[in-house]
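Student: Could you walk me through this model, starting with the ligand and then moving on to some individual residues?
Tutor: Gladly; here it is.

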Amino acid sequence: MVPKRVEAIVMDAGRHPVALGAGALHALDQDVKEAEATAHFILGDENTLRHCLPELLAHAPRLREAETIGVPSGEASKGLAVCQDIWQHLTARAADREALLICLGGGVVTDLGGFIAGAYKRGIRCMHVPTTLMGMVDASIGGKAGIDLGGVKNVVGVFHDPLGVYVHVPFLKSLGKRELLNGVAEMIKHGLVRDASHYEALREAPLHDLAALTPLVARSAAIKAEVVAADPREGGMRKLLNFGHTIGHGIEAYSWESPQRALLHGEAVAMGMICEAWLSWRQGLLPREDSDRIAAHLLSLYKPFALQGDEDHRIIELMRNDKKNSAGQFRFALLTGIGSAQVDAAINAAQVKEALDHYRLLVRG
Ligand SMILES: NC(=O)c1ccc[n+]([C@@H]2O[C@H](COP(=O)([O-])OP(=O)(O)OC[C@H]3O[C@@H](n4cnc5c(N)ncnc54)[C@H](O)[C@@H]3O)[C@@H](O)[C@H]2O)c1
Ligand SMILES: [Zn+2]
């Protein structure tokens with residue numbers, strides 16, 4: 001039986017809409033109809049095809065005839081070999097320019113699927129159905145898609161806007177706690193750079209309770225949508241979303257090399273936000289008590305990661321490899337308060353080292 005129709009909340013992310021709420025998957029079904037595609041393909045990984053596909057099909061019956069394409073879960077699927085297999089598969093099925101690809105999954109699936117759709121026959125249409133919190137509030141919104149090459153993340157990519165992004169929060173039921181917190185880090189970032197009341201609500205909400213999380217997902221998705229709508233090609237304002245990411249990316253890449261444990265992106269960004277909130281204070285932009293409060297909050301959610309002092313130079317080296325940093329100086333998005341930020345603050349390596357020292361001091365207690 002098809003569940004009763006409820007209207008979705010639709011937000012504008014500039015070049016594509018984001019549908020949210022109980023009616024989101026019905027909206028998708030309607031949009032599939034209007035797209036009048038010659039063929040429908042659903043891309044997912046083994047977890048999303050198992051946990052999410054039945055619910056998608058229950059709400060979007062027009063997709064029941066679609067062909068599913070499965071990839072292994074994990075970042076390793078975001079590579080050229082997988083793209084080539086799928087492009088060959090689409091060709092073998094005689095998929096033409098009017099085919100439609102529905103990407104059902106976390107950021108790996110929407111990045112991969114967006115890229116495959118963006119390049120196949122110079123661009124076919126796609127729709128994103130995010131199934132992780134990271135996907136719902138960040139990865140699926142804004143039209144950036146790409147793959148990894150030779151160990152470098154997101155180095156080959158395109159801007160390819162989906163027809164729409166359809167956010168169905170109940171998909172998170174099967175997502176593990178660590179993956180949930182991974183997405184929460186980006187939500188906290190949204191509050192810190194744009195919306196103090198969102199930040200306060202996130203501090204208080206029982207995050208494992210999907211009913212309590214739902215309006216917060218909507219607010220975070222709206223913030224991401226608003227920022228990309230104002231700056232679709234990452235010229236200025238979108239850089240606000242880099243808060244926590246300049247040092248965070250260095251720590252994330254460093255954790256892959258370290259024997260300790262590989263950090264998830266959000267976990268590294270949480271550490272990056274502690275360091276960068278502290279730098280915001282050091283630059284005279286943020287009261288010290290705000291920096292301390294943010295650090296205490298993040299440390300209550302994310303397990304400490306031991307950083308050896310003699311490894312700072314490696315983290316800084318990895319930060320230099322990041323495509324967003326120009327030679328010599330790092331450009332940071334820093335907080336000017338809880339709920340506001342500025343971009344392009346110049347910070348040197350010595351200051352980064354001080355910020356890492358600050359994190360070390362905090363976790364040693
Ligand atoms: N394009 C962008 O703007 C953007 C922004 C942020 C991140 N990203 C990319 O997103 C990727 C990370 O995305 P992610 O954190 O969603 O990881 P992911 O897609 O790898 O998903 C994490 C894990 O959760 C599983 N999973 C997904 N949905 C599930 C569900 N509902 N129930 C149970 N298991 C489920 C997946 O199979 C996977 O094992 C990275 O490659 C990153 O580069 C892109
Ligand atoms: Zn991020």
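**The ligand and its surroundings**

Tutor: The shell around ligand 1 draws at least three residues from each of two domains, domain 1 (9-175) and domain 2 (178-364), with domain bounds taken from an automatic or database domain assignment. This is a predicted model, in which local features need pLDDT of at least 70 and side-chain atom pairs count only at pLDDT 80 or more, while totals for chains, interfaces and linings use all residues. Residues are numbered from 1 along each chain as its sequence is written, chains are lettered from A and ligands numbered from 1 in the order in which they are written, and side-chain values use heavy atoms, with hydrogens and water left out.

Student: How many residues surround ligand 1?
Tutor: A residue is near the ligand if one of its heavy atoms lies within 4 Å of it. The closest are Asp 45, Glu 75, Lys 78, Thr 132 and Ser 174. The number surrounding ligand 1 is 26.

Student: How many residues of the shell around ligand 1 are charged?
Tutor: Asp, Glu, Lys and Arg count as charged; Ala, Val, Leu, Ile, Met, Phe, Trp, Tyr, Cys and Pro as nonpolar; and the others, Gly among them, as polar. By these classes the shell has six nonpolar and 11 polar residues. The charged ones number nine.

Student: Which residue has a backbone N or O atom 3.4 Å from a nitrogen atom of ligand 1?
Tutor: A polar contact is a pair of N or O atoms within 3.5 Å; within protein, one must be able to donate a hydrogen and the other to accept it, and residues adjacent in sequence count only if both atoms are side-chain atoms. An oxygen atom of ligand 1 is 2.8 Å from a side-chain N or O atom of Lys 78, and an oxygen atom of the ligand is also 2.8 Å from a polar backbone atom of Gly 107. The residue at 3.4 Å from a ligand nitrogen is Ala 139.

Student: What percentage of the area of ligand 1 does the protein bury?
Tutor: Accessible areas come from the Shrake-Rupley method with a 1.4 Å probe; for residues, only the protein chains shown count as cover. Taken alone, ligand 1 exposes 860 Å². The protein buries 87% of that.

Student: Which elements give two or more residues to the shell around ligand 1?
Tutor: Helices (H or I, at least four residues) and strands (E, at least two) are DSSP runs, numbered from the N terminus. The elements are α2 (46-51), α5 (107-119), α6 (133-139), β8 (152-159) and α7 (177-194).

Student: How many residues of α7 are buried?
Tutor: Helix α7 reaches 26 Å from its first C-alpha to its last, close to the 26 Å expected at 1.5 Å a residue; the expected span is 1.5 Å times one less than the number of residues. Buried means under 20% relative accessible area, exposed over 50%, and partly exposed in between (1.4 Å probe, protein chains only). Of the 18 residues in α7, the number buried is 14.

Student: Is Ala 94 buried or exposed?
Tutor: Ala 94 sits in the loop between α4 (80-92) and β5 (100-105). Its phi is positive, about 60°, although it is not a glycine. Most residues other than glycine have a negative phi. With a relative accessible area of 61%, Ala 94 is exposed.

Student: What is the relative accessibility of Lys 121?
Tutor: Lys 121 is found in the loop between α5 and β6 (125-130). Lys 121 has a positive phi of about 50° and is not a glycine. It counts as partly exposed, at 40%.

Student: What separates the C-alpha atoms of Leu 172 and Ile 124?
Tutor: Leu 172 lies in the loop between β9 (165-167) and α7, and is buried, with a relative accessible area of 2%. Along the chain, Leu 172 and Ile 124 are 48 residues apart. Their C-alpha atoms are separated by 28 Å.
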